[in-house]
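The sequence and the model are shown first.

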Amino acid sequence: MTPPDAPGSPDPANRWSNLDRPPLNATALRRGLLRPGGLWTSVDVVQRTGSTNSDLVASGGAEGAVLVAEEQSAGRGRLDRTWSAPPRSGLFFSVRLTPGPGVPAGRWGWLPLLAGVATATALSRAAGVDTALKWPNDLLVTVDGQERKAGGILAERAGDSVVVGIGLNVSLRADELPVPGAGSLALAGAGVLDRDPLLRAVLRSLEEWYGEWRAAGGDPAACRLQEAYAAGCATLGRTVRAELPGDRELVGEAVAVDGDGRLVLATADGVQEPVGAGDIVHLRPAGS
């Protein structure tokens, strides 16, 4: 990224200094998303923060709060990994969801998977780009024939709520990628890179999936969430290595996502073992 003091570089104090990456329109977002009886109750856009998840966890408040940052200085992924990107190059936001007593707490673990399905569905419709899901919370796009991570999801318990954070690389260029395996909607050839309609599409999709899941009491089969996740999951059908807590590893074929949202691995000794937490490494393409 261009150093802040270089000629022609964006001025962080001027919202319109980089017209290739225009700012989000908070007023238009509120007008398009806030409606009586709808899920979303507030939409706030800040220029810069450490982490939208941390801010929303700390703030409390009502269900349906949406916090969006044009830039995050301490964005977090799973396992306390950092997530950083140039200002206004992506969508970095968190939402507060309160499933209520009608959804058993044991089913709340489906929320990050639900967010993945909702995001992938929205991007297919709004940007014309296929987005696959890597269990449990990565969003993958295809760049030059290779799968690349373009986004991720982080869910955190906050009292009687869950704060779900979504980070998505939108206009990131090849020379701005934080790691070789990263990607963006732009590099994947997305037809739309305007972040306003993309964010509206993702939030509307999330509202739809969340409403159906909650109406079904959190039952992932009854609301078709389990089926939809499996259909879009790039991990299934592959040989993978699960790097588990306690420095334990497990290698097997990913054969299913069970009713608890766990990845089921079929090992070489014929045992099917569910994995509820850990890092998954794809060892071979599906079907090869």
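A residue counts as exposed when its relative accessible area is over 50%, as buried when that area is under 20%, and as partly exposed in between. The model is predicted.

**Helix H5**

Helix H5 spans residues 225–232, and its buried residues are Leu-225, Gln-226 and Tyr-229. Viewed along the axis of H5, these buried residues fall within an arc of 100°, so they line one face of the helix. An α-helix has 3.6 residues a turn, so residues three or four places apart point the same way. Glu-227 and Ala-231 are exposed and sit on the face of H5 turned away from its buried side. On the buried side, the packing partners are helix H3 (111–127), strand E6 (132–134), helix H4 (195–215) and strand E11.

**The sheet with E11**

Strand E11 also belongs to an open sheet of 5 strands, in the order E13-E12-E11-E10-E14, with antiparallel pairing. The edges are formed by E13 and by strand E14 (279–282), each of which pairs on one side only. From one strand to the next, the twist averages 45°. Strands of a sheet pair through backbone hydrogen bonds, either parallel or antiparallel. Within this sheet, strand E10 (residues 239–244) and strand E11 (residues 248–257) run antiparallel and are joined by 6 bridges.

Which strand holds Pro-274? Pro-274 lies in strand E13 (residues 272–275), and E13 is one of the edge strands of the sheet. Pro-274 is partly exposed because its relative accessible area is 35%, a value between the 20% and 50% cut-offs. Leaving aside residues up to four places away in sequence, Pro-274 touches Asp-258, Arg-262, Leu-263 and Val-264.

Arg-148 is placed in strand E8 (residues 146–158). With residues up to four places away in sequence left out, the contacts of Arg-148 include Leu-139, Leu-140, Val-141 and Val-143. Arg-148 also touches Leu-177, Pro-180, Gly-181, Ala-182 and Gly-183.

For each of these two residues, the table sets a separation in sequence beside a C-alpha to C-alpha distance.

| Pair | Separation in sequence | C-alpha to C-alpha distance |
|---|---|---|
| Pro-274 and Arg-262 | 12 residues | 5.8 Å |
| Arg-148 and Ala-132 | 16 residues | 9.8 Å |

Arg-262 is also among the residues that Pro-274 touches.

Terms used. Residues are numbered from 1 along each chain as its sequence is written. This is a predicted model: local features need pLDDT of at least 70, side-chain atom pairs count only at pLDDT 80 or more; totals for chains, interfaces and linings use all residues. Side-chain values use heavy atoms; hydrogens and water are left out. Helices (H or I, at least four residues) and strands (E, at least two) are DSSP runs, numbered from the N terminus. Buried means under 20% relative accessible area, exposed over 50%, partly exposed in between (1.4 Å probe, protein chains only). Contact means heavy atoms within 4.5 Å. Two strands pair if DSSP finds at least two bridges between them. Axes are lines fitted to C-alpha atoms, for helices over the stretch in contact, and angles run from 0 to 180 degrees between N-to-C directions. The arc is that of the directions from the helix axis to the C-beta atoms.
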